[in-house]
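Subject: Structure handover

Hello,

Here is the structure we talked about. Please open it, then read my notes below.

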Amino acid sequence: MERWSLITMILAVSLTVRWTVSLNPYSGAGKPPMFGDYEAQRHWQEITINLPIHQWYFNTSSNNLKYWGLDYPPLTAYHSLICAYVAKSINPEWISLHTSRGFESLGHKLFMRATVFVADLVVYIPAILCYIHHCEGPERKKVSSLLCVLLYPGLILIDHGHFQYNSISLGLAVWGLLGLLFDRVLFGSVAFCLALNYKQMELYHALPFFCYLLGNSLKRDLKGEGDYSVLDPYWREAWEGWDLSAYKVLHLMIRLIKIALIVLISFACCWLPYLTSFQQSLQVLQRLFPVDRGLFEDKVGNVWCSLSVILKVKKVLSPLTQLWLSFAATLLTLLPTCIKLTINPTLNGFKLALVNCSLSFFLFSFQVHEKSILLAALPVLLLLHEIPFMATWFLLVSTFSMFPLLLKDGLLLPYTVTSLAFLLITTTLLSAFDKVSLEDLQLQLFSQGVRRYIPQFTIPPQFAKLTFLLSIIAMATLSMISATLSPPPQLPDLFPVLVSLFSCIHFLIFLMYFNILHLSEPLYQKHQRKVK
Amino acid sequence: MAAPSASSWSWFVPLALGVTLLKSLLIPAYHSTDFEVHRNWLAITHSLPVSQWYYEATSQWTLDYPPFFAWFEYLLSAVAQYFDKEMLVVQNVNYASNATILFQRLSVILVDVVFIYGVMECCKCVNRIKESKEIMERPAFILAALLLWNFGLLIVDHIHFQYNGFLFGLMLLSIARMFQERHLESALLFAILMNFKHIFLYVAPAYVTYLLRSYCFTANTPDGSIQWKSFSFSRLFALGSIVCSVFAVSFGPFIAMGQLPQVLARLFPFKRGLCHAYWAPNFWALYNVVDKVLSVIDVKLQLLDPAKLSKASMTGGLVQEFQHSVLPSVSPFTTLVCTLLSIMPAILHLWLRPRGPRGFLQCLILCALGSFMFGWHVHEKAILIAILPLSLFAVQNKNDAGTYLILVTAGHLSLFPLLFTGPGNELKGIELRLQLSSRMFDCSLQA
C-alpha cells in the first residue's frame, strides 16, 4: 500500500478520535464560581487582549490574580493573545473584560476546541511524523508505531477533553530533539527554549538537553571528531603553529558559547516586555514558581503524596525542609542518568535520560500536578517502537494515574474507549504483549552483569506477561469501582488515594527499569549510529 | 472457494473492534430527530397493544416501518426499561435523558454485530486468487475496511441515528448466500429484510428476476438462453412458500385485525411529496431546479403571472406536497414508470443472459441506483444501498474501483446536510474525505 495513503488514513483516524473526544465536557464545565482549566484559558485570552502587557502578571483592579492568574511563561500569554484576536473577530462577548467570566456556549466550546485542534495539527503532529519518518526499521513497523503514538490516550484526553495546550510545549520539545537528531543544534536549542517558555514544566526535560549537548560537544571537539575542514583556510593557516589540544578546547568553547548565546537570545525575545524592570521579571518568576504552595496539592501519583498516607510529611516538616528534601531527592535520583549521558551522549541514551529525569522530577519534585506525567510519557512514546511491552505498560499506567481527574471532568467514556483502543493497537500492531524476552526488553547486558553474582538470574517471559495482565485487571477494576461505587464516609478520598498509590509504585519500578536500561548501555568509542 | 485458515483472518477482529470503539466515542455526538423517532417507537410498542401500533399519532413521528421492525423495537423496549422508564412513555415527546441516549446508541452498536457477520461472509466470497503476503493488499482486507469503516454508514447510524447497520448486514448476508449458491437462504434473508424496512423493495426486482431465471430454471441451453423445459416447480414452490410465510408472519396479525389498509398507508405515505426535506441528489432534484430557474426567467420575461407561482419553497426543509410552476407536476405513478424504465435494461439483461451471482449483484446495484434516481420521496441515505454492494466489485476490478470512488465521494458528500447542527461537523467532513480518498486510491491500485 502506498505509504502516503496509509499515513493520511492514520492522520484521519487520529484527528477523528481527537474530535470525538472533544465532544465531551471540559474541565469545570457548568461549575461556578471557579470552573476549571477551560475557564482559565478563556480568562487569559480576556486578560491579554484587554490589558496592557505589563499588567498581565500583576494583581490589579482589572486583573485579580486569585481568579486564574497567569502562571505560565510569556509564550502562553502570546498564544492566548492570538487566540483572543480570533475570538474577537467571531464574538467579542467571549473575551470582554469582566463580563465574560464563566462564559459558556456551544459556539464558544467549538472555538476553544478548534484552537487546541489547530495547535495539535501545527506543532505536535508534524513533529511526531518527522520523528517516526527518521526512525530505523521496516516500513510497516514505523507506520504502526505512528498510529500508536498518535493515539496515546493521556495526551488526547488532557488536551482535547480536560482542555489544555500540552501539545504545543511537548511538540516543541520533540522539535528540539529532532534538531539534535539532525545535528541542527542551534535549531534544536531554539525549539526547546520555546518549549520552556511555553510551559515551565519543560524544565523537567532541560537537564538531559544540557547534558547531551555538553557531552556531544565534548566528544566531538575534544576527542577529535570535529570537522575542521569547514574552517576558513586563513584561520587554518593561523592555527598551524598552535598546539592541537588548545585548538580543540577553543573550538569547544566557541560551540558552547554559540549554544548559550542562542538560548539567551531566545529567552530574551520571549521575555522582552518583562526585561524592562527587575520588578517585572521577578513578578513573572514568582507566578511561575509558587514556592509557597506546598509540597503537593490534590492526590497525585508521586512519592510525597503516597508517603503522606502513612506519614503526614506536610505537617511533620517545615516548608523550607520540604523544599530542600524534594530538591535533594530529585537530584540524587537523576544524577546517575545525567552523568551517564554526559559521558556517553547517544541519541538512545538521550531519550532514556529524558524519561528518567522527568520521572524523577515527577516522583520527587515540588508542587507536582498529575498532568506532569505527560512530560515523562512523551519520551516513552518516542521509545514505543523499541520496547513496546514496557512502553505500552507505562503509557497505560500514566493514563490511569490521571483517572480521578478525568472522572471529575465527565470523561469516563472517552477514557475507557481510548485506553482500550490503545491496548488493542499496541498488542495487535506492535505485538507488545509478545515482546517479553530479555532481548526485547533490552535487559541482556544487565542480566549478564547480574549473572556474575547470581548465576540463575533471569526474567521469565511468563512472569512479565502475568504481572502485566494483573496490572491491567487491577487498573480496570479500580476504574470501575471509582466510577460506580461511592467511597465509605470516613475515607472520602479512598479511590483517588488508591489510584495514586498504585501509580506511584508502578512509576518507581519504571524509574528503576529505565535507569537500568540507560546505565547498562555500552560505551562506544566510535561514532554512534544516528538513530536507534 | 476453500475456507480460509483461522490465522489468516486474525486481522478481522481488530478491524471490527476498532470501528466499534470509534462508534462508542460517537455516543455524545449530535443526534437528529430520528433519535426521537425511535424513542417514540420504543414507547409505542412497549406501552400500547399491537392493535394501536399503526394508529397511534400523539407524536408526528408515526410508525412507518413494516411489522418486523416494530417487533424489533418491542424487544429493545424490554431492555430499555432498565435504563430509563420515562423514555417508554408515549407522551414524553423529545425526551432525551443521558440514559436514553446511552441506551439507544448502545443498541445500534450492539446490533451492528449482524453487519459485522454479513461483512465477514462477503469477505469470504471475494476472489482470493491474487492473494498476497501483505495483509493490506488482500482484497478481503480492503473490502472489510471499506464496509466496516464506511463513513456514510457511520454518519447515518451513529451520529444522525438510525438502525441501518444490521439491516445492511442482512442484505450483505443475503448477497453472500447468493454467491455461495444457497439461494433459499438468500431469499429468506431478503424477505425478512423487506419486512424490516421496505426501502429494500428498490432491489426486489433483481432478486425476483435472478431467482426465477437462475434458480427455478435449473439449466441453460448451450448458447446461454432459457431452457424452458428445465423449469422446476418444486423450487418455485419452495421459494414461494418461504417468501409467503415470512410475509404471513409479518403482516398476518394486521390482516386478521383488518388493519392492512392503514398499515400500507403508513408504509407508503405518498402525501410526503416528490422530494424529501433535504433533497436526495436524484433526477427530480434537477427537475425542481430547472423548474425554479424557468419560473424565474418566465417571471422576468413576464410570461408568467407571479401571483400564480406556488408560494411553498421546496428547499424549506419541510415535508409536503407542492406543484411545479412551469414544468408539468410529477405524480407517484410517473415516478414509478420512470423507475421501471430505468431498471428495465438491467432486468432484461439478467433474464436473457444471466452470468451467475456477479450478474445478480450488478443488477441489484443498478436497481438501487435507478430507484434512487427516479423514485418518489427518496432519502439521501438510500444511496448506501448502492454503495455497499458496489464495494464487493471495487476490490476486484480496477474499473469498478473508479466507479466506486466517484459514487462514494458523491454519495457521502450528499449525506453532509444530515449533520447540520453538529458541532465540528465540518471537521468530520474533512477527515472523512481524507479517509475516503486515501482508501480509494489504494484500492484502485489493486487488480
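A salt bridge is a side-chain nitrogen of Lys or Arg within 4 Å of a carboxyl oxygen of Asp or Glu. Over all chains, the structure holds twelve of them. In one, the side chains of Glu121(B) and Lys124(B) meet at 3.4 Å, N to O. Both residues lie in helix α5 of chain B (residues 113–125), three residues apart, about one turn of the helix. Helices here are DSSP runs (H or I, at least four residues), numbered from the N terminus.

This is a predicted model: local features need pLDDT of at least 70, side-chain atom pairs count only at pLDDT 80 or more, and totals for chains, interfaces and linings use all residues. Residues are numbered from 1 along each chain as its sequence is written, chains are lettered from A and ligands numbered from 1 in the order in which they are written, and side-chain values use heavy atoms, with hydrogens and water left out.

Now confidence. The model scores ipTM 0.88 and pTM 0.90. Chain B has a mean pLDDT (the predictor's confidence in each residue, from 0 to 100) of 84, and 85% of its residues reach 70 or more. Within chain B, helix α9 (residues 183–194) is highest at 95, and helix α18 (residues 425–445) is lowest at a mean of 61. Over residues 1–6 of chain B, pLDDT is below 50. Beyond near neighbours in sequence, that stretch has five contacts in the model (heavy atoms within 4.5 Å).

Best regards

Note on methods: Helix = DSSP H or I, 4+ residues; strand = E, 2+ residues; numbered from the N terminus.
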